[in-house]
Amino acid sequence: MTDPALEAAALGKRFGRRRDTWALRDCSFRLPAGRVCAVVGPNGAGKSTLLALAAGLLAPTEGTVAVLGTDPASARPRVGFVDQAKPLYPQLTVAETLRMGADLNPGRWDADTARRVVAGGDLDPSRRIRALSGGQRTRVALALALGKRPELLLLDEPMADLDPLARHELMGMLMGQAAGHGTTIVLSSHVVAELEDSCDHLLLIGGGRVRLAGEIDELLAAHTRVSAPAATELAPHQVVESRTTGRQLSALIRPTGPLPGDWRKDAPSLEELVLSHLRNPEAPALTPAAHDTTETAA
């Protein structure tokens, strides 16, 4: 049986000694290999902390995280990571940076892929990193990560510095990497709509905790958007968010049984699902841990 690409159990990270400085707390999830996973949530939710823990750049305060069936330090040669800040050596040229990538990854380096990523931005190989724009540095950082031919690729807000055309091009390249080589990609972003057509797995983080985790199709199928008269009682269904406008009640619910025939029912979009959960932090989480609790109670 294939090991999961990423698996966390009661994972937490605290910065400092004060009790209110937890960046991530009690996070449990399992990401199967070969998926393209969107990690979404507001600023300060813990997305970057989670990716840094998976990359082995931070040590957990509590709990565990396994990467490709082992600990993050042991998995590091098989993992590519692009940090939000895109740290590169400013004094090196583009060509020197790619040669460094080849030297650091003997036996794994894919020079053609790295050159193709850089060439897509019409970058002069002789230019120094410090002379590049933010979007150009992003290309070089992605070239280093993809040239490593990783089994797991961790990307922290990688497209923020790119124009829409470049984002579309590089997203297509990432999807090709996933399809052609079975690479697992974990991609954090604020632009939920941009991820809907590319990702098949979701981790929604809010307040330092995992709120939703699983296959996107399954998470969407577990929720329904309903409209009914304002006085309608939604129980016993789990309510993620509800609003009353005039005589009309609209809600996103997790049905626990058949719905009345006079309710209008629609499938939510990924963006609607994410925003509803973020607007209501008290909404019940839907994660593998939540499934286990329900089954145990039953």
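## Threonine 183

Threonine 183 sits in the loop between helix H6 (164–181) and strand S7 (184–188). Helices here are DSSP runs of H or I with at least four residues, and strands are runs of E with at least two, numbered from the N terminus.

The side chain of threonine 183 comes to 3.5 Å from the backbone oxygen of proline 150. Setting aside neighbours within four places in sequence, threonine 183 has contacts (heavy atoms within 4.5 Å) with residues including Gly34, Arg35, Pro150 and Gln177.

## About the model

This is a predicted model, in which local features need pLDDT of at least 70 and side-chain atom pairs count only at pLDDT 80 or more, while totals for chains, interfaces and linings use all residues. Residues are numbered from 1 along each chain as its sequence is written, and side-chain values use heavy atoms, leaving out hydrogens and water.

## The whole chain

Stepping back, the chain has ten helices and 13 strands. Its radius of gyration is 21 Å, close to the 19 Å that the globule rule gives for 298 residues, so the chain is as compact as a globular protein of that length. That radius is taken over C-alpha atoms, and the rule is 2.2 Å times the number of residues to the power 0.38.

Of the 298 residues, 46% count as buried. Among contacts between residues at least 6 apart in sequence, 70% join residues at least 24 apart.

Note on methods:
Buried means under 20% relative accessible area, exposed over 50%, partly exposed in between (1.4 Å probe, protein chains only). A polar contact is a pair of N or O atoms within 3.5 Å; within protein, one must be able to donate a hydrogen and the other to accept it, and residues adjacent in sequence count only if both atoms are side-chain atoms.
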